[in-house]
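This report describes how the parts of one protein chain are arranged relative to one another. Please keep the sequence and the model in view while reading.

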Amino acid sequence: MRCVIARFPFDLTKNGVLDSMKGVKPEAITGESVLIGRRQYPVKQVGEIITRQDRRDFSGAEVTRAMTRLGFTCRSLQDAAPAAPSALTPLQNASAMLGETQPAAAAPAATNAGAAVAG
């Protein structure tokens, strides 16, 4: 497939990208990413390897568009971010995981602590 990245035309194939990325260790993901094989790579790292150009010469959107057209899964940072932690206490969180929505409130126990037993 012919695509333009950084004003230069490239003929890219899915197998060619897979071969180029073989043995490359993924960098830390801080923005958009591409899933290639079983690994997730930053789009700028992929673009640099497949085009042999400096990362400052192209945008992540250009690489994302090309990788999507080739059939790779692309994700934005919002898609990859985990869900925000809940505001539940650890006890409430554990109860929710076990199926209870809220722990049952304990009924106040009647005590005779102040009463003296006459005998």
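V34 has Y41 in strand 4 as its bridge partner. In this predicted model, strand 3 and strand 4 run antiparallel and are joined by four bridges. Both belong to an open sheet of three strands, in the order 4-3-5, with antiparallel pairing. Strand 4 (39-42) and strand 5 (73-75) each have a single partner strand and stand at the edges, so one side of each lacks a neighbour in the sheet. On average, and with direction ignored, neighbouring strands of this sheet are turned by 30° against each other. As a general principle, the strands of a sheet pair through backbone hydrogen bonds, either parallel or antiparallel.

Which strands does helix 2 touch where it packs on the sheet? Helix 2 touches strand 3 and strand 4, and its direction makes about 85° with that of strand 4.

Helix 2 also packs against helix 1. The axes of helix 1 (residues 14-21) and helix 2 (residues 43-51) lie 10 Å apart, at an angle of about 100°. Helix 1 is therefore roughly perpendicular to helix 2, since angles of 65 to 115 degrees count as such. At this contact, V17, S20 and M21 in helix 1 meet V46, I49 and I50 in helix 2. By class, the contact has five nonpolar residues, one polar residue and no charged residues.

The largest nonpolar core has 20 residues, and those with the most contacts inside it include V17 and V46. I5, L12, I36 and M67 are also in that group. Strand 1, helix 1, strand 3, helix 2 and helix 3 each give two or more residues to this core. Helix 3 supplies the largest share, four residues. In soluble globular proteins, nonpolar side chains tend to be buried together.

| Residue | Residues touched |
|---|---|
| V17 | I36, I50, M67, L70 and F72 |
| K25 | R39, Y41 and Q45 |

Where is K25 placed in the chain? K25 lies in the loop between helix 1 and strand 3. Is K25 buried or exposed? K25 has a relative accessible area of 69% and therefore counts as exposed, the cut-off being over 50%. The C-alpha atoms of K25 and Q40 are 9.7 Å apart in space, while the two residues are 15 residues apart in sequence. Y41, the bridge partner of V34, is among the residues that K25 touches.

Notes:
Residues are numbered from 1 along each chain as its sequence is written. This is a predicted model: local features need pLDDT of at least 70, side-chain atom pairs count only at pLDDT 80 or more; totals for chains, interfaces and linings use all residues. Side-chain values use heavy atoms; hydrogens and water are left out. Axes are lines fitted to C-alpha atoms, for helices over the stretch in contact, and angles run from 0 to 180 degrees between N-to-C directions. Angles under 35 degrees count as roughly parallel, over 145 as roughly antiparallel, 65 to 115 as roughly perpendicular and the rest as oblique. Contact means heavy atoms within 4.5 Å. Ala, Val, Leu, Ile, Met, Phe, Trp, Tyr, Cys and Pro count as nonpolar, Asp, Glu, Lys and Arg as charged, and the others, Gly among them, as polar. A nonpolar core is a set of buried Ala, Val, Leu, Ile, Met, Phe, Trp, Tyr and Cys residues joined through side-chain atoms within 4.5 Å. Buried means under 20% relative accessible area, exposed over 50%, partly exposed in between (1.4 Å probe, protein chains only). Two strands pair if DSSP finds at least two bridges between them. Lists of a residue's contacts leave out its neighbours within four places in sequence.
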